[in-house]
Each structure stands twice: as structure tokens, then as C-alpha cells.
Amino acid sequence: MLMRSIACSIVLVFGLAQTALAQASVAFGGLKADPTAQVEMNADTLTVNQADGTAVFSGNVVVSQGAMKLSANEVRVAYGADKTSIETLYATGNVLLVNASDAAKGDTAVYTIASGEVVMTGNVLVTQGQAAMSAEKMVIDLKTGMGRMEGRVKTTFVPGKK
């Protein structure tokens, strides 16, 4: 059940805007993922706490779903009041999100399932091919595919050929 719920949770897509502002709006709709695809989780340790409704995967955590991979030192799963649905995923320590040639890394990532919002903080770096964008914070709305980078945004890109 946990794996199937996480399958619906780990769907992130990345793209880059070609602007450098203190805050930049970014389109993150370049890649698609199948939220019903099988999810595989690997970790050195799994700890479940029924009292507070959490499960913690720790040590070399890798979550895979199709071409999408999320790795971190630790991923904590917070369940809803019914103790069966997943409410929030918290990834900490060397967080890396990869799909095809797109990737994002940061210190932490929080995914709120109901709103479809992912917030990555701490030395965020998003890459797509040869293009790169960095900032202190990235917020993505997975429902609309739009996001923004905040906190001294820096962009490097290679102009495309038409």
C-alpha cells in the first residue's frame, strides 16, 4: 500500500526558463511521468511509527518510478488522519531528482500531495541538457506545471537553433 501511494506521489517534471531575476517564473511541463507506474524504494533502513503516522526510509534512499528517480539521505512519509493516505513526503540530505536529461538537486524537498506542490530548498540547482538554473528555493505546482525560483536566481543557457 505504501509503495502504491508513493507511486502517486513521486511525479516531478522539469524545464528551464531563460531569465535571471531575483524571482523567476519557470515552466516545468517538459516531461511527463505515469503516476500509476510501479514504484521501487530502496533504503538501508525503514522505520515505521504508528503513533505519529510516519515512515522513515533512511540511508542511500532511492525511489524509482519509470524514468523518474529521487534519491536522498532520508525520505519521511507523513500519513493523513486516516493513517492510510500519504499527506506529505519530506526528502532531506543530498536530494536529487532526475528524469531523462533533466535534474534538480537541493538540500531538502517537501511534496504536499493534496496541493501538488513541491518545494525544494537549499542550494537548488536545476539542469536540462546544457542549461542550468540555480537559486535558494524552487516551488513547483505539479497540477499546472508552473513554478518559480527564488533567492538570487542565476541562469546559464545555450541559445537554441531554429
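Q: What makes up the accessible surface of the chain?
A: The total is about 8,500 Å², and carbon and sulfur atoms hold 53% of that. The areas come from the Shrake-Rupley method with a 1.4 Å probe; for residues, only the protein chains shown count as cover. This is a predicted model, in which local features need pLDDT of at least 70, side-chain atom pairs count only at pLDDT 80 or more, and totals for chains, interfaces and linings use all residues. Residues are numbered from 1 along each chain as its sequence is written, and side-chain values use heavy atoms, with hydrogens and water left out.

Q: How do you know which parts of the chain have the lowest and highest confidence?
A: By pLDDT, the predictor's confidence in each residue, from 0 to 100. Helix α1 (residues 2-9) is lowest, with a mean of 33. Strand β3 (residues 45-49) is highest, at 94. The average for the chain is 74, and 70% of the residues score at least 70.

Q: Over which residues does pLDDT stay under 50, and how many contacts does the model have there?
A: Residues 1-22 stay under 50, with 85 contacts beyond four places in sequence. Residues 29-33 are also below 50, with 11 contacts beyond near neighbours in sequence. A contact means heavy atoms within 4.5 Å.

Q: What makes up the secondary structure of the chain?
A: It has 1 helix and 11 strands. Along the sequence the pattern reads α-β-β-β-β-β-β-β-β-β-β-β. These are DSSP runs, numbered from the N terminus: helices are H or I with at least four residues, strands are E with at least two.

Q: Why is Met 149 called buried?
A: Buried means under 20% relative accessible area, exposed over 50%, partly exposed in between (1.4 Å probe, protein chains only). Met 149 has 0%, so it is buried. Its place is in strand β10 (residues 146-150).

Q: Is Ala 131 buried or exposed, and what makes it so?
A: Its relative accessible area is 14%, so Ala 131 is buried. Ala 131 lies in strand β9. Its C-alpha atom is separated by 7.6 Å from that of Thr 155, 24 residues apart along the chain.

Q: What makes Asn 60 buried or exposed?
A: Asn 60 has a relative accessible area of 59%, so it is exposed. It is in strand β4. Phi of Asn 60 is near 50 degrees, also positive in a residue other than glycine.

Q: Which residues have the most contacts inside the largest nonpolar core?
A: Val 77, Val 95, Met 120, Met 138 and Met 149, in a core of 28 residues. Elements giving two or more residues to this core include β5 (68-79), β6 (86-99) and β8 (117-128). A nonpolar core is a set of buried Ala, Val, Leu, Ile, Met, Phe, Trp, Tyr and Cys residues joined through side-chain atoms within 4.5 Å.

Q: What makes Arg 76 a charge over the ring of Tyr 90?
A: The rule asks for NZ of Lys or CZ of Arg within 6 Å of the ring centre and within 35 degrees of the ring normal. Arg 76 lies over the face of Tyr 90, at 4.1 Å from the ring centre.
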